[in-house]
Amino acid sequence: MDSSAPEPGADDDLIGRLESGRREFLALVDPLRPQLHRYCARMTGSIADGEDVVQETLAAAYYELSQMKSLPQLRPWLFRIAHNRAIDHWRREQMRQSEPLDAALEVADDATREPDQALARQQATRAAISAFLALAPAQRACVVLKDVLEQSLDEIALALDMSVPAVKAALHRGRVALGAGAAAGSAARTPTSPQLQRYASLFNARDWDGVRAQLAADVRVELVSRRKMAGSEAVTYFTNYQGVPGWRLSPAWLDGREVLAVRLGAAERPAYLIALHWRDGRVQTIRDYRYVPYIAAEARFEPAD
């Protein structure tokens with residue numbers, strides 16, 4: 001018998017150990033996921049893109065961790081990875097010209113330049129997610145970490161690999177820019193597309209044949225952070241809704257994109273969202289965020305007129 005041949009069941013054992021390790025890692029980082037998402041959403045200007053960056057961050061962290069001999073300081077390590085991934089995403093989308101982190105001006109540490117801390121936090125937490133895109137990356141990162149997530153200047157400097165004076169400078173400039181953007185107001189609300197409205201109506205009527213008729217043959221479904229399906233398997237996704245009562249879909253706007261807000265029972269606030277992508281008049285992809293509930297806490301849905 002060939003001694004180099006794998007033992008029967010060896011592959012299954014390896015897959016089981018890898019899956020066990022993945023679950024242990026996800027349990028370890030789970031308490032930080034909502035904060036990572038709050039950060040990434042504001043760095044990318046989008047609730048949905050922010051979750052994509054969180055997942056990229058965790059995948060990169062899991063790989064890096066396998067190469068390490070000891071566990072790093074978890075919070076600054078994850079935020080450093082998240083920051084780099086968010087900047088990469090931002091640059092790929094070409095939303096604006098980037099400013100290197102080390103380009104932040106070194107302004108004097110003058111207490112008279114600092115706004116009231118409570119006022120700054122209130123301004124940052126109330127600002128629309130997309131409003132943070134008006135800030136250069138260094139400013140954006142520092143404002144979110146300080147005024148939204150309430151990290152200390154030393155923690156921010158460690159996470160972003162900046163000096164404390166540079167953090168203070170970027171924080172001051174970012175607060176000024178964010179305040180100016182908030183004063184400009186928001187865009188007028190507009191109706192969502194007829195095809196999205198029809199999809200929601202068919203879904204709410206439990207007309208599954210009508211819903212499936214709107215799907216592309218190669219439709220892809222993603223239960224975000226849980227499972228991906230495609231083609232004929234994706235059609236089984238609707239059976240989950242078929243067996244659960246008390247939900248309804250409403251067309252809405254989120255971060256300037258059409259989405260479906262999902263409400264449960266008599267609740268007025270959406271519990272989560274579903275995003276659709278259309279091609280040639282049919283649904284090409286469905287992204288269902290029911291398994292990442294912290295997103296709904298961040299989302300500011302604008303009902304469609």
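Q: What are the ground rules here?
A: Residues are numbered from 1 along each chain as its sequence is written, and side-chain values use heavy atoms, leaving out hydrogens and water. As the model is predicted, local features need pLDDT of at least 70 and side-chain atom pairs count only at pLDDT 80 or more, while totals for chains, interfaces and linings use all residues.

Q: Is helix H6 largely enclosed or open?
A: Helices (H or I, at least four residues) and strands (E, at least two) are DSSP runs, numbered from the N terminus. Buried means under 20% relative accessible area, with a 1.4 Å probe and protein chains only. Eleven of the twelve residues of H6 are buried, so the rest of the structure largely encloses this helix; among them are Arg140 and Asp147.

Q: At what angle do H2 and H6 cross?
A: Axes are lines fitted to C-alpha atoms over the stretch in contact, and angles run from 0 to 180 degrees between N-to-C directions. The axes of H2 (residues 33-44) and H6 come within 10 Å and cross at roughly 150°. That makes the two helices roughly antiparallel, a label for angles over 145 degrees.

Q: How many bridges join strands S3 and S4?
A: Two strands pair if DSSP finds at least two bridges between them. Here eight bridges join antiparallel S3 (residues 247-254) and S4 (residues 257-264), and leucine 254 has arginine 257 as its bridge partner. In the hairpin, with two residues between the strands, aspartate 255 takes a positive phi near 55°.

Notes. Buried < 20%, exposed > 50% of the residue type's maximum accessible area, 1.4 Å probe, protein only. Parallel < 35°, antiparallel > 145°, perpendicular 65-115°, else oblique.
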